[in-house]
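Me: Got a model I'd like to walk through with you. Can we start with what the burial words mean?

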Amino acid sequence: MDKRMRTSREGSLLAAALLTGGLLGQTALPPCPAAPAGYEQKLWERAWQLHHQATVVDTHVDTTSLVLDRAFDMGPRARTGHVDLPRAAEGGLDAVFYSIYVDTRFYGDEAALFANPPMTVNEDWPRPKDPGTANGSAKRALMMIDGLLRTCERYPERMTACTSSAELRAAVKAGRHAALMGIEGGHAIEGDLGLLRLFHKLGVRYMTLTHTLHNEFADSCAPAEPRWGGLNTLGVKVVQEMNRLGVMVDVSHVSDATFFDTLRVTRTPVICSHSSMRALCGHKRNITDDMLRALAANGGVVMINYNCGFLDEDYGKNASGRDATRRIQEKSAREKFAEGSPELQNALAKLDERFPPVARPPLSRLIAHILHALEVGGADHVGLGSDFDGVPCVPEGIDDATYLPRITYELLAAGQSEATVKKVLGENLLRVFAAVEDKAFALRGEAPFMNAGAADFAPIAR
Ligand SMILES: [Zn+2]
């Protein structure tokens, strides 16, 4: 017993705090399990300790989609998916920006979209007849926010909704999982700066400027044919209004032109919340070395995505070819046989045999992307943005949140310093988050940016 503990009341308070996990974040590390096969025990113990002492932040997790569309409960440990509260705690995943993801299908006829929602996440939402004509995007974002906040309210002892870097650190210190929100993508504001301000009031602290569509103010990396050639006049206002509010600007998913336009006009460092290295895998969702150097010069940070298809070009090609063929054959089987019939079950089982899953890339592939980013961008500009629960495949050896200490081990084994590893695990993102908050404080009193009709859609000077 600690000498400073003078009364039994203090003792029982401490015991209660330990029981509810209230002090675990500060005082106790979870016991180190045996090293995984092939890992050196001493280094594993050092990695485990470092990992659980560090503040680990992931800027892109899609569990919110499961919560909303499948009534997924983050409380108990699940057998599927990547993240829930027990697995986050075991993997030392302290803070997560949960994705307020708005599927591009919502950028259309609202009535059609909400009249016939699909039964599962993977089932197609009905497609709008005329994209962009009547928009259900903001409502979908609001429903996602509601889903996450409901989860936080359901588990107040284990999880806290946070809206600042200080709140994030305080939640982690109290042994609670910090839940934050980032909107993916900018079509959620339906071209309206007022909606951007309201999402900020609800607690949103980053916004990915686009998803896989060109929206009212910015071009995406897909489709390839540009709409604006980067940002338009409204896009500049969106970025600068985000700066004014203290919402981090996220340039994952955008076209290369939008990326460089954004760096020119932002008044704060920006983030790439879930992108990997194009030098190692030529997918346009990844960033080039030149883009990374520009991001580093801006003071920003790239958060490496774990999606197999963004890490390994061969995997991407093989898996997408396989999936396309399988999907066509599955569709015709479903048209031919009744749902739940033995004939359909039989046909699907045969498809599973004929199209076995493509082998996943190993964890070393993800580590290679992190090391390349460190080499090109420097230690201050790299972090983790898994895309957990949002991608069909993650590498072998990083199967869910419980595997995260292996990233720490692998980075130490590759000769990275403990200081660098801590930056990658969370401190770089926290630095950018705090800088964005400071800038918003400095800009307080600045008039809000306002929509201006047709003038907003003018091209910008480059
Ligand atoms: Zn994404």
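Reply: A residue is buried if 20 or more other C-beta atoms lie within 10 Å of its own, exposed if 12 or fewer, and partly exposed in between, with C-beta atoms placed from the backbone. This is a predicted model, where local features need pLDDT of at least 70, side-chain atom pairs count only at pLDDT 80 or more, and totals for chains, interfaces and linings use all residues. Residues are numbered from 1 along each chain as its sequence is written.

Me: Ok, is His253 buried or exposed?

Reply: His253 counts as buried, because it has 26 C-beta neighbours inside 10 Å. Its phi is near 75°, a positive value in a residue other than glycine.

Me: And where is His253?

Reply: In the loop between strand S6 (248–250) and helix H11 (256–265). Helices (H or I, at least four residues) and strands (E, at least two) are DSSP runs, numbered from the N terminus.

Me: What about Ala71, buried or exposed?

Reply: Ala71 is exposed, with 8 other C-beta atoms within 10 Å. Ala71 also has a positive phi, about 50°, without being a glycine. You'll find Ala71 in the loop between H4 and helix H5 (85–90).

Me: Switching topic: which residues are joined by a cis peptide bond at Gly185?

Reply: Glu184 and Gly185, with omega about 0°. Gly185 sits in the loop between strand S4 (177–184) and helix H9 (193–202). Another cis peptide bond joins Ala222 and Pro223, omega about -5°.

Me: Back to helices. At what angle do H4 and H7 pack?

Reply: About 95°, with the axes of H4 (residues 63–70) and H7 (residues 137–154) 9 Å apart. So H4 and H7 are roughly perpendicular to each other, a label for angles of 65 to 115 degrees. Axes are lines fitted to C-alpha atoms, for helices over the stretch in contact, and angles run from 0 to 180 degrees between N-to-C directions.

Me: Which H4 residues make that contact?

Reply: Thr64, Val67 and Leu68, against Met143, Met144, Gly147, Leu148 and Thr151 of H7. Two residues are in contact if their C-beta atoms, placed from the backbone, lie within 7 Å.

Me: Last one: how many residues does the largest nonpolar core have?

Reply: It has 106 residues, and Leu180 is among those with the most contacts inside it. A nonpolar core is a set of buried Ala, Val, Leu, Ile, Met, Phe, Trp, Tyr and Cys residues joined through C-beta atoms within 7 Å. Helix H16 (residues 363–377) gives this core its largest share, eight residues.

How values were computed: Angles under 35 degrees count as roughly parallel, over 145 as roughly antiparallel, 65 to 115 as roughly perpendicular and the rest as oblique.
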